[in-house]
Amino acid sequence: MTALPLVFDAPKRGLPPRHLADLTADQRKEAVAALGEKSFRAAQLSHHYFSRLTVDPTEMTDIPAESREKLVSDLMPPLWTELRSVEADAGTTRKTLLRAHDGTLVESVLMRYPDRATLCISSQAGCGMACPFCATGQGGLTRNLSTAEIVDQVRRGAAAMRDGELPGGPGRLSNIVFMGMGEPLANYKRVIEAVHRICDPAPSGLGISQRSVTVSTVGLVPAIKKMTEENLQVRLAVSLHTPDDELRDTLVPVNTKWNVAEVLEAARGYADRTGRRVSIEYALIRDINDQPWRADLLGKLLRRHLGQLVHVNVIPLNPTPGSKWDASPKPVEREFVRRVNEQGVACTVRDTRGQEIAAACGQLAAEG
Ligand code: SAH
């Protein structure tokens with residue numbers, strides 16, 4: 001008797017087929033020509049995708065039906081199926097669970113403020129960095145997202161804002177943070193390409209200002225150095241979480257490879273080249289990294305390495321299920337911020353949106 005295979009129909013995990021949003025404007029023209037279509041069709045398709053934010057062929061009436069079908073099926077394979085959305089903060093925070101062609105799940109979070117709207121996007125499904133306080137870190141890495149899978153999260157968020165899906169009426173998606181699932185600099189090439197697609201002016205890209213895009217990293221030093229050479233204006237955020245190597249080796253395990261001093265030097269290089277302040281992310285954890293001496297050390301270290309080119313974002317820890325850790329009490333938090341400021345370093349507390357829907361920092365785990 002032959003044994004039946006245990007899994008016969010499981011989709012193979014992998015990147016989706018190539019999509020318009022993976023390609024530069026020139027590559028889009030080539031791809032259209034390769035299908036035997038006139039090259040100006042590339043501009044038409046780009047207009048629909050990047051300016052009108054649509055992937056629905058019935059809305060592309062300027063392209064003849066036969067060409068439309070061919071172009072859309074080849075260049076716009078479906079990327080995400082929205083499984084569900086949950087809202088918090090009176091509807092101004094919305095977390096969306098998305099499923100890719102191979103069943104991979106990721107989340108993105110849209111947050112509307114009085115003066116801006118920010119989308120927190122994922123760059124990988126899961127994450128390989130294994131930070132013990134982060135929900136995503138517990139499950140390991142499933143796979144990288146393609147450039148188009150990253151860009152398409154933004155297209156969806158921009159369409160939601162334009163269509164007034166969040167309270168406050170129609171608006172504009174103004175800010176993007178790579179602070180969802182994944183380590184963006186571990187998916188370097190696709191993330192940089194995505195930044196171009198997100199920021200290139202419409203109709204070549206989504207037209208969001210580079211200065212309004214933040215790439216957040218655990219501190220992959222070679223990748224920070226490489227990004228410094230890209231001539232971008234995006235903001236760099238470094239998840240430091242403590243100024244000393246001993247504790248950082250456990251909070252951000254990749255620290256054993258590139259330590260605090262090396263990470264801050266690389267951040268300095270980026271700040272010098274771009275003229276942009278680096279954000280230092282600091283998840284404040286009760287009795288772990290919230291001591292007054294650590295605040296003093298953090299302030300001194302940052303002033304020495306980064307001078308005025310730095311801003312510390314304190315993030316009250318969001319306890320993840322089963323975690324033994326908790327946020328610091330408010331008086332401890334206030335004292336921490338005061339001491340960092342005292343060293344001449346700008347430091348503020350990040351507001352935490354979407355806590356009750358597990359959409360706050362580090363809570364994205366996509367359990368389905
Ligand atoms: N991999 C990137 C982006 C991921 S998350 C990075 O590490 O920077 C964005 C931020 O949320 C990071 O600073 C991360 O350390 C922080 N974070 C993760 N889990 C958290 C939690 N449970 N509470 C507060 N902040 C958390």
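Predicted model: local features only at pLDDT ≥ 70, side-chain atom pairs only at ≥ 80, totals over all residues.

Colleague: Where does S216 lie?
Modeller: S216 lies in strand 8. Strands here are DSSP runs of E, at least two residues, and helices are runs of H or I, at least four, numbered from the N terminus. Residues are numbered from 1 along each chain as its sequence is written, and side-chain values use heavy atoms, with hydrogens and water left out.

Colleague: Is S216 buried or exposed?
Modeller: S216 counts as buried, at 10% relative accessibility. Buried means under 20% relative accessible area, exposed over 50%, partly exposed in between (1.4 Å probe, protein chains only).

Colleague: What is S216 in contact with?
Modeller: Leaving aside neighbours within four places in sequence, S216 is in contact with F178, M179, E183, P184, A237, S239 and E281. Contact means heavy atoms within 4.5 Å.

Colleague: Which residues does UniProt list for "binding site"?
Modeller: The unreviewed UniProt entry lists G182, E183, S216, S239, L240, H241 and N318. UniProt positions are in the numbering used here, feature names are shortened, and annotations may be inferred rather than shown by experiment.

Colleague: And L240, where is that found?
Modeller: L240 is in the loop between strand 9 (235–239) and helix 8 (245–251). L240 is buried, with a relative accessible area of 0%.

Colleague: What does L240 touch?
Modeller: Not counting residues up to four places away in sequence, L240 touches R248, V252, V260, L264, I280, E281, L298 and L302.

Colleague: Back to strand 8. What about T214?
Modeller: T214 is also placed in strand 8, residues 213–217. T214 counts as buried at 11% relative accessibility. Beyond four places in sequence, the contacts of T214 are I176, V177, F178, M179, R235 and A237.

Colleague: Change of topic. Which residues are listed for "active site"?
Modeller: UniProt, in an unreviewed entry, lists E107 and C361.

Colleague: What surrounds E107?
Modeller: E107 is in strand 3 (residues 105–112) and counts as buried at 5% relative accessibility. E107 touches K95, T96, L97, S122, Q153, M181, L364, A365 and A366, leaving out residues up to four places away in sequence.

Colleague: Now helices. How do helix 9 and helix 10 cross?
Modeller: The axes of helix 9 (residues 260–274) and helix 10 (residues 292–306) come within 9 Å and cross at roughly 45°. That makes helix 9 oblique to helix 10. Angles under 35 degrees count as roughly parallel, over 145 as roughly antiparallel, 65 to 115 as roughly perpendicular and the rest as oblique. Axes are lines fitted to C-alpha atoms, for helices over the stretch in contact, and angles run from 0 to 180 degrees between N-to-C directions.

Colleague: Which residues make that contact?
Modeller: V260, A261, L264, E265, A267, R268 and A271 of helix 9, with L301, L302, H305 and L306 of helix 10.

Colleague: What about helix 10 and helix 11?
Modeller: Helix 10 and helix 11 (residues 330–342) pack at about 30°, with axes 8 Å apart. They are therefore roughly parallel to each other. P292, R294, A295, D296, L298 and G299 in helix 10 meet F336, R339 and V340 in helix 11.
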